[in-house]
Amino acid sequence: MSLYESKKQEPPKNGLLLLQGLILLLFCIFALRFWYLQIHKGEYFSEQARNNQLRQDSLYAPRGLIRDRSGKLLAVNEPAYALGIVREDCKDLEGTLRTVSEWTGVELESIRKIFKKSRRRVKPFEPLILVPNLTFEQVAVIEANALHWPGLEVVVRPRRKYIQGPLLSHVLGYVAEVDEDELEKDSGLDVGDYVGKQGLEFVLEKRFRGVKGRRQGEVDATGRRLKERVLTPPVAGEDIDLSIDLDLQELGGKLLEGQSGAVLVMDPDNGQILAFVSSPSYDNNAFTAGLSKKQWLALRDDPRTPLQNRVIQSVYPPGSVFKMTVAGAGLHYGMITPEDTVYCPGYTTLGKYTFRCWKKGGHGETNLEKSLVESCDVYYYKLGMKLGVDKLSEFARQAGYGEVTGIALPHEKSGLIPTRQWKKKRFGDIWHPGENLNFSIGQGYTLVTPLQVARSISAIINGGRLLRPQLIAGEPAEEQGLLPLTDAQREILRSAMIKTVEGDHGTARRLRMKGVTIGGKTGTAQVVKLTDELKKMKDEDIPYKYRDHAWMASFAEKGAKRYVVVCMVEHGLHGGSGAGPVVKAIYDYIFSEHKDKP
């Protein structure tokens, strides 16, 4: 008996065959797919699986250490913690970024910008640094919650630490996180790396940086490391000893504390810098830790300009210190002899203008030595008129002014030695005769750096050699030029500097020291033209910004040891009283009996 009441209800006769065919087709498709994945692409996917299980990343190389000339540490490395995100392991990117913001206090938008900027440069399985510096408290919070937020990883890397902080910030500079331009120019850098931005850290970046290593780690499904091994160990950067004497540097810093200015101690025979002080200064450790925008603006807009390196980047009128150069020009061009005299009544005239000497009653009959010892302005007014701007500017450049010294620090200023052509181009005006008088006493347009003064004074006592100032210990002396004076002419200037200290009327008498030969030249440089009202004021009543700058340029000799010390105090009023005590204290320290300084 049929199961179906009519033939219409009966299934197709070939239905079973069709169903069997469909099943067979599906089986063939699966088999073909399995063959494709397991056999044809098996090796490829096996490699992918191994790569997912084994990951490689970089091992950071510590920067080279920095020491002073006696081996005292100035810059070291300490462990620091950064927060990175491995995108391949992150399940909820937006939620993770929001959580990072809550944990660290960094604005969410800022974290998003960092992520967006860096993602194209960082591989998905490598940590992308979101927060470069974590506190121990933040590390503890992150580690405690890491299992709930896969993809987050605390990265340990070395961070620069400057032991003396502000004391050497203008020499060492600082490191900070690499920017986009630096990444484009240097293929050896990665996102999140730290590089030198200022000072020796910047100039010697390649030597300090070192070479990164590589490690391979096994991770589980959440990205947690199970075990790892070092493939290539990192190579630390080069350790470098400086010519700086830390004790002298500390003394110079204390002597200028609360003032704006610069102190330099140089070895005149090889150009080695023993002390390099610029005041005020800043804490370079703040840059390695990461400055907030508010902190940066406060530092940048500080009216005392602590970021300014006053030794090489600030330019000042040299005042009477420049008379050494003008006297040298007079000797070189045969315009004067040591015996020639000029009568100084306290002023001289040129047309309808009166140019006054600093000493109201004048110096009387004055020869070359007396002009330097007592710093007579009238003598140099007369000499400046004889020389003229062409000879003055030519000799000043040969004496090392108007050009950079070539010290291994960035952004050095060349100062200004004016010429006829410069004034015409700058102001569209000719050079006037009265400007020679201002030029001859280190005023007018003339601008120099403290380092230029130290190098020029060194050339007077070292045989006339203009040496490149050196900050690296052991570097050979590098001669850049020769002072165009004979031995006899340089001895005239040297003897006058000694008489300025030893003579009864010398302006640098406070530098005298028993058993040490010291020569000096004071300088008082006007900042603005003083009004009659300001001239009547006592020094302490003159507003700070209108007070004169104070200079003291000097050298000292005892046995085989020779030093050049230059001090410039902004608005210090007078060279002898403003800068002189600083220089005297440095010589007291150098030549004290219980010290054996370099």
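Start by selecting Pro 280, which sits in the loop between strand E12 (273–279) and helix H11 (285–289). Helices (H or I, at least four residues) and strands (E, at least two) are DSSP runs, numbered from the N terminus. Zoom in on the peptide bond from Ser 279 to Pro 280: it is cis, with omega near 0°. Before you move on, know that you're looking at a predicted model, where local features need pLDDT of at least 70, side-chain atom pairs count only at pLDDT 80 or more, and totals for chains, interfaces and linings use all residues. Residues are numbered from 1 along each chain as its sequence is written, and side-chain values use heavy atoms, with hydrogens and water left out.

Next, click on Thr 305, in the loop between H12 and H13. Thr 305 isn't a glycine, yet its phi is positive, at about 45°. Most residues other than glycine have a negative phi, and most peptide bonds are trans.

Now for a pocket. On a 1 Å grid over the protein atoms alone, a cavity is a set of points where a 1.4 Å probe fits but cannot get out, while a pocket is an open set with protein on both sides within 12 Å along at least five of seven lines; lining residues have an atom within 4 Å of a point. Select Ile 114, Pro 132, Glu 177, Gly 290 and Leu 291: of the 34 residues lining the second largest pocket, these lie nearest its centre. That second largest pocket has a volume of about 1100 Å³ (the space filled by probe spheres set on the points, which are joined across faces, edges and corners). Which helix gives the most to the lining of the second largest pocket? Colour H4 to see: H4 supplies six residues. Other elements that each supply at least two include strand E6 (174–177) and helix H12 (293–300). By class, this lining has 16 nonpolar, eight polar and 10 charged residues. Here Ala, Val, Leu, Ile, Met, Phe, Trp, Tyr, Cys and Pro count as nonpolar, Asp, Glu, Lys and Arg as charged, and the others, Gly among them, as polar.

Hop over to Arg 209 and Glu 205. They form a salt bridge, with the closest N and O atoms 2.8 Å apart (the cut-off is a side-chain nitrogen of Lys or Arg within 4 Å of a carboxyl oxygen of Asp or Glu). Arg 209 and Glu 205 are four residues apart in helix H9 (residues 205–209), so about one helical turn separates them. The structure holds 32 salt bridges.

Time for some helix pairs. Show H13 and H15, whose axes come within 8 Å and cross at roughly 80°. Axes are lines fitted to C-alpha atoms, for helices over the stretch in contact, and angles run from 0 to 180 degrees between N-to-C directions. That makes H13 roughly perpendicular to H15 (angles under 35 degrees count as roughly parallel, over 145 as roughly antiparallel, 65 to 115 as roughly perpendicular and the rest as oblique).

Then bring up H18 (residues 450–461) and H19 (residues 487–502), packed at an angle of about 110° with axes 8 Å apart. Ile 457, Ala 459, Ile 460 and Ile 461 in H18 meet Arg 490, Leu 493, Arg 494 and Met 497 in H19.

Last stop: the inside. A search of the whole structure finds two cavities of 30 Å³ or more. The largest cavity has a volume of about 80 Å³, and the closest to its centre among its 13 lining residues are Met 324, Thr 325, Ala 399, Ser 456 and Ile 460. H13 and H18 each supply at least two residues of that lining, which divides into 10 nonpolar, three polar and no charged residues.

Methods
Contact means heavy atoms within 4.5 Å.
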